[in-house]
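Please look at the chain shown below before reading on, and follow it from one end to the other. The report then goes from the whole chain to its sheet, and from there to single residues.

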Amino acid sequence: EVRSCSMKAHFLGLVVVLLACGTLCVADDSVAVSDVIELDESTIDSSIAEGEWVVQFVAPWCGHCMNLHPVMEQVASRLVSEGSDVKIAKLDCIANKDTGKRFGIRSYPTIIKMKKGLMWNFEKEREEDNLVEFAKLDIPDSEKRPTPPPVTFMTKLVDTYEVIMNDYMKLRKAAVFLVMGVGALGGFFIGLLGGALCCVRKAPRKDKRN
């Protein structure tokens, strides 16, 4: 009887281990089947050079980006199931700041369609049907804008120079205002001192005969 209980315990332990492994496998599969492609600074240019892309520029702390994530997963899966060549991707602008700056990203999430060196911003409600329609449409002539060129050493050097010059001009203006302020304050005190001296000189003298 003791042996039978021991065998049952071993059997139950084996079942638990198998179930746990199965759960992990299912979890891994659910992560692996995502049709949304992760891009970064090293892969975005080679990726968008061919085909059609809808790229969502996001920030990890952005609540709207978090709400958009499952919607874009559905959009990507739907396009794949329909045999569309349009790829859905996302790029973390916090981890890839230069790329976000390059594409002029000022709010999150920003969704842009890219095709053959041109791009078009999505401006409707972030709903599945709207996004699927956006992905399938050709970029209108009135909305076409060229995609910005890749960031090079020279562009980074120019950007750094512009930042330094902007800071210098701000400091210069601040110095001018400081000098003007000190001059005005000094003039005020000099005026007070001059007025006091004039009052002293004009004060009536006492008659010694009294």
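What share of the chain's contacts with a separation of 6 or more comes from residues 24 or more positions apart? Such residues account for 72% of these contacts. It should be kept in mind that the model discussed here is a predicted one.

**The whole chain**

The chain holds 6 helices and 6 strands, and when it is read along the sequence these elements follow the pattern α-β-α-β-α-β-α-β-β-α-β-α.

The 6 strands form an open sheet, in which the order is β1-β3-β2-β4-β5-β6 and the pairing is mixed. Its edge strands are β1 (36-39) and β6 (145-146), each of which pairs on one side only. Strand β5 (residues 118-121) runs antiparallel to β6 and is joined to it by 2 bridges; here methionine 119 stands opposite arginine 145 in β6.

| Helix | Strands it lies across | Angle |
|---|---|---|
| α3 (residues 63-81) | β1, β2 (52-58), β3 (87-92) and β4 (110-115) | about 155 degrees to β3 |
| α5 (residues 128-136) | β2, β4 and β5 | about 25 degrees to β4 |

Aspartate 45 lies in helix α2, which covers residues 44-48. Is aspartate 45 buried, partly exposed or exposed? Aspartate 45 counts as partly exposed because its relative accessible area is 26%, a value that falls between the 20% limit for buried residues and the 50% limit for exposed ones. If residues up to four places away in sequence are left out, aspartate 45 touches Arg102 and Pro150. The C-alpha atom of aspartate 45 is separated by 9.9 Å from that of valine 151, although these two residues are 106 residues apart along the chain.

Methionine 169 is found in helix α6, which covers residues 153-202. With a relative accessible area of 35%, methionine 169 is likewise partly exposed. Together with Tyr161, Met165 and Tyr168, the residue Met169 forms a nonpolar patch on the surface, and the accessible area of these residues together is about 400 Å².

Technical notes. Residues are numbered from 1 along each chain as its sequence is written. This is a predicted model: local features need pLDDT of at least 70, side-chain atom pairs count only at pLDDT 80 or more; totals for chains, interfaces and linings use all residues. Side-chain values use heavy atoms; hydrogens and water are left out. Helices (H or I, at least four residues) and strands (E, at least two) are DSSP runs, numbered from the N terminus. Buried means under 20% relative accessible area, exposed over 50%, partly exposed in between (1.4 Å probe, protein chains only). Contact means heavy atoms within 4.5 Å. Patches are made of residues with over 30% relative accessible area and no salt bridge: like charges are joined within 9 Å, nonpolar side chains (Val, Leu, Ile, Met, Phe, Trp, Tyr) within 5 Å. Accessible areas come from the Shrake-Rupley method with a 1.4 Å probe; for residues, only the protein chains shown count as cover. A salt bridge is a side-chain nitrogen of Lys or Arg within 4 Å of a carboxyl oxygen of Asp or Glu. Two strands pair if DSSP finds at least two bridges between them. Axes are lines fitted to C-alpha atoms, for helices over the stretch in contact, and angles run from 0 to 180 degrees between N-to-C directions.
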